[in-house]
Amino acid sequence: WTVGALRASIGAKERKFGLKTHDHKSVWRLAEVVKGHAVLFASLATWIRRGHRLVITRGNHDVDFYWAKVRNFLRLSLATKIAEADATMSEKDALDRVLAALLFVHDVVVVDDVIHIEHGHRFDKLSSTVPWQEVTLGGGKELNLSFGAFFNRYLLNPIELRYPFLNNVRPREKVFALLIRERFSLALKLLAWHVPFLFRVIPKRYFSYLFRNFLLVVGALLVPVGLFVAFEWHAVLGFAKMRNAQGITGLVANAATGTGLLLLSYVFARLLAHFQLVEAEHLALYAPAIFRGNSALRFVIVGHTHNPHRAAIDAERSFLNSGTWIPIVDNSSADIRQDRTYTFVEMLAAQGQYVANLRRWNDDAGRIDHFCVVKRAR
């Protein structure tokens, strides 16, 4: 590619919403990430320089590692940083060390047939690709993205330019309420422009994949509900005429509408959860199926939901979610608070046995602390 050809390959939509997923465009994105997070990548290089191994498992936000050019660029970037930090090591020797120490994994890492590690997005319909689709599209030139990737690209990313950390707000169902309260004009723009545009650009195959069964069930529910409301409304009107009290009509109608909306909102929430159309609080529900696939497994570790979690499947097997190191914006109270928990999973090996612990890095004290997960009683 020449510089002119690269510039000509970028369309107007890409200039507005970001580059597509061709391999050379993915390399440029990674180059910007390496440049913007210099301390992190220098630390990774130091980790490898000191003789440790690094395994990268793909998640829904870094599908670009599918491309060999992207993987090679990261290898070269880390080797360059190693050579810069160690004057006794040539770039070739540094690259040889990186090649031996850095491993890319498409889906799952299994350690000693005991520890199962993956990102966890494949259990989330919104963040996984349509199962029967290939990894690439357009004759192998672009990546096949998930519904959630389109959601982030065309909805959240433009909004985050004006309201950073929107994607980190917890609980997620309060995101729109937060915008109404803090950025009213942005909330109106979200409804009037961003959401309609999102539905125009998302590939139609995803609507069928995600919503077909959901809409069928919703339709089956709404038809009898609609008939019931129609018959009851007719009865209410008849009662009001007999009593000649129009106020009763309004009173009963308001009560029925309010109650109906509450019931419908609950039913819709349950349906969305049932069809995996909302992000799960954690992915422990899928752990038993993984354990059944390998009887020797003792630990299943994921991180997709960002929620630190530990669950005992039985006396010998456990599920853990490592949580996240990105900021979480808590909107569960009147004030907006930002929190960084810095949780991770610590695996210890002793006498051929593994022990898993959920820990957190205490950045203020500069030490590792125990992390306790408090489960709400039901």
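**Aromatic residues, helices and sheets**

Reply: Phe123 is buried, with a relative accessible area of 14%, where buried means under 20% relative accessible area, exposed means over 50% and partly exposed lies in between, using a 1.4 Å probe and protein chains only. This is a predicted model, in which local features need pLDDT of at least 70, side-chain atom pairs count only at pLDDT 80 or more, and totals for chains, interfaces and linings use all residues. Residues are numbered from 1 along each chain as its sequence is written, and side-chain values use heavy atoms, with hydrogens and water left out.

Me: OK, how many aromatic pairs are there in the whole structure?

Reply: A search of the whole structure gives four, taking rings of Phe, Tyr and Trp (its six-membered ring) as paired if their centres lie within 6.5 Å, with planes under 30 degrees apart counted as stacked, over 60 as edge-to-face and the rest as tilted. One of them is the edge-to-face pair of Tyr66 and Trp67, at 5.3 Å centre to centre with 70° between the planes. Tyr66 counts as partly exposed at 33% relative accessibility, whereas Trp67, at 9%, counts as buried.

Me: And what kind of pair do Phe123 and Tyr286 form?

Reply: Phe123 and Tyr286 are stacked, at 4.8 Å centre to centre and 20° between the planes. The pair links distant parts of the chain, 163 residues apart, since Phe123 sits in the loop between strand E4 (115–118) and strand E5 (136–137), and Tyr286 in the loop between helix H11 (246–274) and helix H12 (287–293). Helices (H or I, at least four residues) and strands (E, at least two) are DSSP runs, numbered from the N terminus. Tyr286 itself is partly exposed, with a relative accessible area of 24%.

Me: Switching to helices: which residues of H6 are buried?

Reply: In helix H6 (residues 91–101), the buried residues are Ala94, Val98 and Ala101. They cover an arc of only 75° around the axis, which puts them on the same side of H6; the arc is that of the directions from the helix axis to the C-beta atoms. Lys92 and Ala100 are exposed on the other side of H6.

Me: What do the buried residues of H6 pack against?

Reply: They pack against helix H4 (38–49), strand E1 (54–57), helix H5 (68–85) and strand E2 (102–105), with contact meaning heavy atoms within 4.5 Å.

Me: At what angle do H8 and H9 pack?

Reply: Helix H8 (residues 175–182) and helix H9 (residues 184–201) pack at an angle of about 130°, with their axes 5 Å apart. That makes H8 oblique to H9, given that angles under 35 degrees count as roughly parallel, over 145 as roughly antiparallel, 65 to 115 as roughly perpendicular and the rest as oblique. Axes are lines fitted to C-alpha atoms, for helices over the stretch in contact, and angles run from 0 to 180 degrees between N-to-C directions. Phe176, Leu179, Ile180 and Glu182 in H8 meet Phe184, Leu186, Ala187, Leu190 and Leu191 in H9.

Me: Now the sheets. What is the strand order in the open sheet of five?

Reply: The order is E3-E4-E8-E10-E9, with mixed pairing, and two strands pair if DSSP finds at least two bridges between them. Strand E3 (108–111) and strand E9 (309–312) stand at the edges with a single partner strand each, so one side of each is left without a neighbour in the sheet. Neighbouring strands of this sheet are turned by 15° against each other on average, direction ignored.

Me: How many bridges join E9 to E10?

Reply: Four bridges join E9 to strand E10 (residues 318–321), and the two run antiparallel, with a hairpin of five residues joining E9 to E10. Ala311 has Phe319 in E10 as its bridge partner, and Arg310 has Leu320. His309 and Ala311 form the covered face of E9, while Arg310 and Ala312 form the uncovered one.
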